[in-house]
Amino acid sequence: MKYFLIILFFISSYAYSFQDMESKSAKASFEVSGVCDMCKTRIENGAIKLKGVKYAKWDIPTNNLSIIYNSKKIKLDTIKKNMAKLGHDTDKYKARLEVYQSLPECCYYKTNSPH
């Protein structure tokens, strides 16, 4: 009986911690402007380096960034701000012109050349 109670305790503890871990995970997708494979690498690496982001995949044709992140560690708004800091516009934040202009020319996604 003693072993049964110990096993029951561990199973219930594990189930609770797993449920708690799952409730922190959030999925989101939003537009991040870019045009090439260099943009893809910069955007995905920039997102995944943020504490709390577990997964990042950016699609070139749609400019859609799909992420899985821990909502207890980072807010979606913070992720969008960081994409703009890398030089890529989002639906909410625009990259500063000097940051955008520092991108390689193949990464210029705006219709008008910055020069």
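Q: Which residues does N70 touch, not counting residues up to four places away in sequence?
A: The model is a predicted one. In it, N70 has its place in strand β3. Leaving aside residues up to four places away in sequence, the residues that N70 touches are K24, G52 and K54.

Q: Does N70 count as buried or exposed?
A: A residue is buried when its relative accessible area is under 20%. The relative accessibility of N70 is 8%, so N70 counts as buried.

Q: Which residue is the bridge partner of S25 in β3?
A: Strands β1 and β3 (residues 64–70) pair in the antiparallel sense, over 7 bridges. For S25, the bridge partner in β3 is N70.

Q: What is the nearest side chain of opposite charge to R42, and how far away is it?
A: R42 is found in helix α2. R42 is buried yet has no salt bridge. A salt bridge requires a side-chain nitrogen of Lys or Arg within 4 Å of a carboxyl oxygen of Asp or Glu. For R42, the nearest side chain of opposite charge is D37, 11 Å away.

Q: Which residues does R42 touch, not counting residues up to four places away in sequence?
A: R42 is a buried residue of helix α2. With residues up to four places away in sequence not counted, R42 touches L86, H88, L103, P104 and C107.

Q: What pattern does the protein follow, read along the sequence?
A: The protein has 4 helices and 3 strands. Read along the sequence, these elements follow the pattern α-β-α-β-β-α-α.

Q: What percentage of the accessible surface of the protein belongs to carbon and sulfur atoms?
A: Of the 115 residues of the protein, 36% count as buried. The accessible surface comes to about 7700 Å². The share of this surface belonging to carbon and sulfur atoms is 58%.

Terms used
Residues numbered from 1 in each chain as written. Predicted model: local features only at pLDDT ≥ 70, side-chain atom pairs only at ≥ 80, totals over all residues. Heavy atoms only, no water. Helix = DSSP H or I, 4+ residues; strand = E, 2+ residues; numbered from the N terminus. Buried < 20%, exposed > 50% of the residue type's maximum accessible area, 1.4 Å probe, protein only. Lys, Arg positive; Asp, Glu negative; His and termini not counted. Contact = heavy atoms within 4.5 Å. Pairing = 2+ DSSP bridges. Areas by Shrake-Rupley, 256 points an atom, 1.4 Å probe, with all protein chains shown as cover.
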